[in-house]
Amino acid sequence: MNRYLAEFYKNDMKSNSEDLLSAILPLLKLLSLTVIGLFLAHPKTQIIPRATFKLLSKLVFALFLPCLIFTELGESITIDSIARWWFIPVNVLISTFVGCLLGLLVVIICRPPPEYKRFTIIMTAFGNTGNLCLAIVGSVCHTSNSPFGPHCHSRGVAYVSFAQWVAVILVYTLVYHMMEPPLQFYEVLEEGTEIEEQRPVNDISRPLLIEAEWPGIEEKETEHSKTPFIARIFNSISSRSTSTFPDIDINGDTSGSSPMSIRCLAEPRVVRKIRIVAEQTPIQHILQPPTIASLLAIIVGTVPQLKSYVFGYDAPLSFITDSLQIVAGAMVPSVMLILGGMLAEGPNDSKLGLRTTIGIIVARLLVLPLLGIGIVTLASMLDLLVADDAMYRFVLLLQYTTPSAILLGAIASLRSYAVREASALLFWQHLFALFSLSVYVVVYFKLLPAM
């Protein structure tokens, strides 16, 4: 009996050590790539200049990531799989909603400066569900003893890519308007003259994080992107005075007609203002190279005739997909090198406050993953998830575990709102995430067999 217990204990300890090793090794690989990027871009070494990292980020955005999404998602997706994967985009919405509640709680407890209340909620709610998740999945599946079975990498990339379109829509609609400069803290010199920081189009001093996930952002600036546009419009609903800001010409009529006659002949004032706000929403930016690659992959993957020509060993166009797969192999190391280059720049000065910064980090990286475990476990108990698919559950859990999306730094720069605060917060979040991700990935590896 004693010998049996000793053997069982020995086998159990061996199994635990193997599970721990299989969870830690992939993260150590990613950490090594990040350290290499940090060393290459560090101001004291400056082996590779910042401009090179910006060019690399453009390659990731326009070439490496689209190739990876198209080759993996297109081969894995079918009409049947779309019906089975429905909870992946829904989980993004749930994680964002729960993150907003946590952000609101951080605002109540930590009491950030009034002009940064919306910023606090945004940075807590919206995580990096794209590049970082792809890097983790790629590293986990690169090990020989991966617990996720055959076709681990293809399934993982397909699951992550299938969720990206929801995150992109949220960023370019909800986040874009929530990152609008607060009206009460917006400075003016005199009537009609606004304070604006002029930057050269190709400013080398622009922080790397601003272009890490949205290269060429300076080309997307519009007339109202750096102004409290929505606040001005809806503020004029209750008052027609032009106390601080002149009212925006939303009626499109400069003649001497009375306001009453215009309202009678035209559409209602509130409806017209909402329409103008919708027109100012940069929904066209959704069609970026990664999103286009996702759409093409879904179209080709769900049409059997097209799929047979593009994917498969004997497909007539298999040489093209093979070439794209070779290019896609550069995505994960490039993303981690860029992350290292971003960390090498160090944090900027921030007016957010230490207490609020710590509150956001704790809420995003420690509390939200715990809530995510509960949500995914409940969904599994209700049979809402794909049965016997550990990678499916792992991707769902990762959506609660990653730090704030680097794309938020680009939006902050585009809206000229809390740019330094976003830079500093993203730096500290990603630095702390190196440790929190390690802990939670080990926890997930332990919990997945029971889910």
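Predicted model: local features only at pLDDT ≥ 70, side-chain atom pairs only at ≥ 80, totals over all residues.

User: Good to know. What about Cys110, buried or exposed?

Analyst: With a relative accessibility of 8%, Cys110 counts as buried.

User: How many disulfides does the structure hold?

Analyst: There is one disulfide. Cys141 and Cys152 form it, and their sulfur atoms are 1.9 Å apart.

User: Where do Cys141 and Cys152 lie?

Analyst: Cys141 lies in the loop between α6 (131–140) and α7, while Cys152 is in helix α7, so the pair ties together parts that are 11 residues apart in sequence. Both Cys141 and Cys152 are buried.

User: Let me zoom out. How many helices and strands are in the protein?

Analyst: The protein has 19 helices and two strands. Its chain has 451 residues, and 51% of them count as buried. If you take the contacts with a separation of 6 or more, 82% are between residues 24 or more positions apart.

User: What does the largest nonpolar core look like, and which residues touch the most other members?

Analyst: That core has 107 residues, and the ones touching the most other members are Trp85, Phe119, Met331, Met391, Tyr392 and Phe394. Helix α7 (residues 152–178) gives the largest share of this core, with 15 residues. As background, nonpolar side chains in soluble globular proteins tend to be buried together.

User: Pick Met331. Which residues is Met331 in contact with?

Analyst: Setting aside neighbours within four places in sequence, Met331 is in contact with Val60, Phe64, Leu65, Leu68 and Leu134.

User: Now aromatics. How many aromatic pairs are there?

Analyst: The count comes to 13 aromatic pairs. One of them is Trp85 with Tyr159, an edge-to-face pair with 5.1 Å centre to centre and 90 degrees between the planes.

User: Where do Trp85 and Tyr159 lie?

Analyst: Trp85 lies in the loop between α3 (79–84) and α4 (87–110), and Tyr159 is in helix α7, so the pair ties together parts that are 74 residues apart in sequence. Trp85 and Tyr159 are both buried. They also belong to one aromatic cluster, together with Phe162 and Tyr392.

User: Why is the pair of Trp86 and Phe87 edge-to-face?

Analyst: Their ring planes are at 90 degrees and their ring centres are 5.6 Å apart, so Trp86 and Phe87 make an edge-to-face pair. Trp86 is partly exposed, with a relative accessible area of 38%, whereas Phe87 is buried at 4%.

User: Which residue lies over the face of Tyr417?

Analyst: That's Arg118, at 5.7 Å from the ring centre of Tyr417.

User: Switching to helix α14 (residues 318–328): which of its residues are buried?

Analyst: The buried residues of α14 are Ser318, Thr321 and Ala328. They are on the same side of α14, because they cover an arc of only 75 degrees around the axis. The buried residues of α14 pack against α2 (50–76), α13 (304–310) and α15 (331–344).

User: And what does the face turned away from that buried side carry?

Analyst: On that face of α14 you'll find the exposed residues Phe319 and Ile326.

User: How far apart are the C-alpha atoms of Ser323 and Cys67?

Analyst: They are separated by 9.2 Å, although Ser323 and Cys67 are 256 residues apart along the chain.

User: Last one: where is Gln429?

Analyst: Gln429 is in helix α19 (residues 419–447). Gln429 is buried, with a relative accessible area of 0%.

User: So which residues does Gln429 touch?

Analyst: Not counting residues up to four places away in sequence, Gln429 touches Met123, Ile360, Ile361, Arg364, Leu365, Pro403 and Ser404.

Conventions
Residues numbered from 1 in each chain as written. Heavy atoms only, no water. Core = buried A, V, L, I, M, F, W, Y, C linked by side-chain atoms within 4.5 Å. Buried < 20%, exposed > 50% of the residue type's maximum accessible area, 1.4 Å probe, protein only. Helix = DSSP H or I, 4+ residues; strand = E, 2+ residues; numbered from the N terminus. Contact = heavy atoms within 4.5 Å. Disulfide = S-S within 2.5 Å. Phe/Tyr/Trp six-rings, centres within 6.5 Å; stacked < 30°, edge-to-face > 60°. Lys NZ or Arg CZ within 6 Å of the ring centre and 35° of its normal. Arc of directions from axis to C-beta.
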